[in-house]
Amino acid sequence: MLTILTVCGNGIGSSIMLKMKIDEICEDHHIKASVESADFNSAQGKKADLIITVKELAYQFEGREVAVVRSYINKKKIEEDVLEILKRIQESKM
């Protein structure tokens with residue numbers, strides 16, 4: 001099972017919306033994942049197979065697997081941005 005962290009600046013609304021979309025995408029593609037939303041500061045101390053966030057925050061997660069999304073709410077764009085990465089990580093864990 002993949003451990004995924006969705007991150008926004010404050011961890012209030014955007015990361016929760018993104019978490020919901022990632023849950024849907026994982027379910028649509030039969031990817032087993034535990035998805036959690038977090039604000040930037042708390043995400044620094046959390047372990048995850050993948051962090052999903054926007055470009056403005058991504059570079060601050062050096063040395064960690066990060067997927068950059070163009071939108072927190074547009075499922076089609078999110079799926080385009082993360083699906084191949086999700087599949088690659090899932091395969092590497094098998």
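Q: What percentage of the 94 residues of the protein count as buried?
A: In this structure, which is a predicted model, 39% of the 94 residues count as buried.

Q: And how many helices and strands are there?
A: The protein contains four helices and four strands, and if you follow the sequence along, they come in the pattern β-α-β-α-β-α-β-α.

Q: How compact is the protein for its length?
A: Its radius of gyration is 12 Å, close to the 12 Å that the globule rule gives for 94 residues, so the protein is as compact as a globular protein of that length. Taken along the principal axes, the box that its C-alpha atoms fill is roughly 30 × 25 × 20 Å.

Q: Which residues is Leu 57 in contact with, leaving aside its neighbours within four places in sequence?
A: With those neighbours left out, Leu 57 is in contact with Val 7, Cys 8, Gly 9, Phe 40 and Tyr 72.

Q: What about Lys 75, and what distance separates its C-alpha atom from that of Leu 57?
A: The two C-alpha atoms are separated by 20 Å, while the residues themselves are 18 residues apart along the chain.

Q: New topic: how many positive and negative side chains does the protein have?
A: There are 14 positive and 15 negative side chains, and the centres of these two sets lie 0 Å apart.

Methods
Residues numbered from 1 in each chain as written. Predicted model: local features only at pLDDT ≥ 70, side-chain atom pairs only at ≥ 80, totals over all residues. Heavy atoms only, no water. Contact = heavy atoms within 4.5 Å. Helix = DSSP H or I, 4+ residues; strand = E, 2+ residues; numbered from the N terminus. Rg over C-alpha atoms; globule rule 2.2 N^0.38 Å. Buried < 20%, exposed > 50% of the residue type's maximum accessible area, 1.4 Å probe, protein only. Lys, Arg positive; Asp, Glu negative; His and termini not counted. Charge placed at Lys NZ, Arg CZ, Asp CG, Glu CD.
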